[in-house]
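Here's a quick briefing to read with the model open beside you. Take a look at the structure, then work through the points below.

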Number of protein chains: 2
Amino acid sequence: MTVSSRQERRSPVMADVARVAGVSHQTVSRVLNDHPNVRTETRTRVLAAIDQLGYRRNLVARALVTRHSRTLGVVSFDTTLYGPASTVYGIEQAARAAGYFVSIVSLRTIDRAGVREALDYLAEQGVDGIVVVAPQRSAASALADLPPGVPAVAVEGDHGGDVSVVSVDQVEGARLATEHLLGLGHETVWHVRGPLDWLEAEGRIAGWRAALEAAGRPVPEPLPGDWSPRSGYEAGRLLARIPEITAVFVANDQMALGALRAFAEAGVDVPGRISVVGFDDVPESEFFSPPLTTVRQDFGAVGRHSIAMLLKQIEEGQAQSRERFVVSPEFKVRASTSPARR
Amino acid sequence: MTVSSRQERRSPVMADVARVAGVSHQTVSRVLNDHPNVRTETRTRVLAAIDQLGYRRNLVARALVTRHSRTLGVVSFDTTLYGPASTVYGIEQAARAAGYFVSIVSLRTIDRAGVREALDYLAEQGVDGIVVVAPQRSAASALADLPPGVPAVAVEGDHGGDVSVVSVDQVEGARLATEHLLGLGHETVWHVRGPLDWLEAEGRIAGWRAALEAAGRPVPEPLPGDWSPRSGYEAGRLLARIPEITAVFVANDQMALGALRAFAEAGVDVPGRISVVGFDDVPESEFFSPPLTTVRQDFGAVGRHSIAMLLKQIEEGQAQSRERFVVSPEFKVRASTSPARR
DNA sequence: ACACCCGTTGTTAACGTTCACAGTCACTCC
DNA sequence: GGAGTGACTGTGAACGTTAACAACGGGTGT
């Protein structure tokens, strides 16, 4: 008794529905696609047949003939991180609201070959458009070999190429953070940066530096970090040893948490002795000790705008325009910053 | 000059490749599918033609005839939370390692109709199998109307129905946490629970209660929470007011963070006056103040096992078996717990 | 009374691939 | 020398849907 000998009735197709309803398969198709010119009585008969047979339309066959899959592809990295996870979530919600499905490829390594492969796969799969969440320089450059003819949008990956981009203004966010600290009377602001191949890390460094230079302040060497709480912790241990430091801008909230921990261990009071600003506004940061002053990024807006842009490209039939949309960050003052002591 | 007037050459198909290479379309197909019986010289000729034309195979057409899309569907909830995000990531990685793509539907509301709709969509789309991340009671019950004939696995959704399930042993994790605290000499352990419609919240309550009862200790009323740091904060404010409390088991790390914050504000020392245990071991918890003792869930393992189970169902052609696989949690002792004071 | 139009339905041909089967050719074996 | 075998290739028919067009019947206007 093999498995295949089991009753395995083929699931019903349009022709089956048509036979039961006593119409042609084309009429069934018309009912399914809400075509206007179908008599109400015919329509109900068809719907009854569909119900009776448990018919489900085959979107694969439909995609073959219409050349539209109503599926969008998303390429992303480590969707465990809050930023990418929120962005992908925003994308998915916006896509589904517009009647599209989402096929996701999460890369764990960020080499160009991996991105290329993912893009190829999505293209073969026949997606109607692609969103690439490409916050790293290497990934952004891989956008160069996007399959031609497929509408695409990059998120956080402004590499200056030929593809539309939606991003949060990192430079502006970093500037807000730095100016806030300078405005509190701090002589200068130190920085714990993200990994250098991330465009966001680079933008935050640039904004921080620009603000310091505009105020004529010394620009300390940034401390290295890799977004992880541990790297923030290690940077914090270094910073705690230098007495003249009174203000730090940390490139994300997770590292800021690590730094806060290091300061607590070293007996360095925040914000009494050192003021700390983070970036992202993760849901936890309001409950850090002390609650973290930070820069909020609206990932949901990023997702929505990227989908809006992509759908526009799809509908207008023009693959790969090169628009730009920048979402402004919002500054959130909490308890981890205070005026400089004299 | 309309958009459509633009040069829009139809992308090449197998027949085009065949013509260029001077073979039949079937030979091209054979080359593409690594069929053994193709002469090397023919193969190279075909590959050259593919390269020259920039041919890309159409997986939609292939799926139509083979009845396999090599795509798996995933239904999940709020992939912004660490747990679901990590699980989905694990699923995606495991699926791609096995040569499958992943189509994701993230529901924001958890009503049965929504789940049903998502499942229908995935079925129409022709996925080869479905993973439902269904940590809520309502979602788990929606599994009852899974499309018949489609292999499926539920994650964290043991509703006792006819579908295979992979989950982390929540009861065991909660028991470990509670016994750890009792072992430190605490008279009893209070609990901040998750939302009641989550199976995980329920399991953690059950494990906590069982451990207390086994030790013959009083079982206090659990405090309500919704997984958010804020709800943990509010529970913490209540707990801080009751002097005789010395130990709390909080149902996840985010709420534990909120509780720690409330304790800090109230001047309650952790672990000096109150010991705190969390659940999840999010990457941040090692850097809370103090570093959090917690229960680690291996979400990656959950993802891998769910895919392994699903692929087994697919290959054996048997839709919807009812296996169970339970991943054991791991206890992580850090600095938020200490022996009870006398 | 005729042509015409419009709403409704059916018929046939795609879409681009794989499957099943049938060839062709060179070689081996008796 | 003929049959048999195996490697390689080609031909035609699916897969299940939508697009394009044709056909039918009952108005409506002249």
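Chain A splits into domain 1 (3-57), domain 2 (69-168 + 299-327) and domain 3 (170-297), with bounds taken from an automatic or database domain assignment. Bear in mind that this is a predicted model: local features need pLDDT of at least 70, side-chain atom pairs count only at pLDDT 80 or more, and totals for chains, interfaces and linings use all residues. As for labels, residues are numbered from 1 along each chain as its sequence is written, while chains are lettered from A and ligands numbered from 1 in the order in which they are written.

**Domains and the two copies**

- In chain A, 62 Å separates the C-alpha centres of domain 1 and domain 3.

**Strand β1 of chain B**

- Strand β1 (residues 71-77) of chain B has seven of its seven residues buried, so it is largely enclosed by the rest of the structure. Buried means that 20 or more other C-beta atoms, placed from the backbone, lie within 10 Å of the residue's own; strands are DSSP runs (E, at least two residues) and helices are too (H or I, at least four), numbered from the N terminus.
- B:T71, B:G73, B:V75 and B:F77 point one way from β1(B), and B:L72, B:V74 and B:S76 point the other way.
- β1(B) pairs in the parallel sense with strand β2 (residues 101-107) of chain B over seven bridges, pairing being at least two DSSP bridges between strands. Here B:F77 sits opposite B:L107.
- Strand β3 (residues 129-133) of chain B also runs parallel to β1(B), joined by four bridges, and B:V74 has B:V131 as its bridge partner there.

**Around DNA strand D**

- DNA strand D is surrounded by 25 residues, and the closest are A:V13, A:M14, A:S29, A:A61 and B:T42 (near means a C-beta atom, placed from the backbone, within 6 Å).
- α2 (25-32) and α4 (59-66) of chain A, along with α2 (25-32) and α4 (59-66) of chain B, each supply at least two residues of this surface.
- α4(A) gives the most, with five residues.

Methods: A residue is buried if 20 or more other C-beta atoms lie within 10 Å of its own, exposed if 12 or fewer, and partly exposed in between; C-beta atoms are placed from the backbone.
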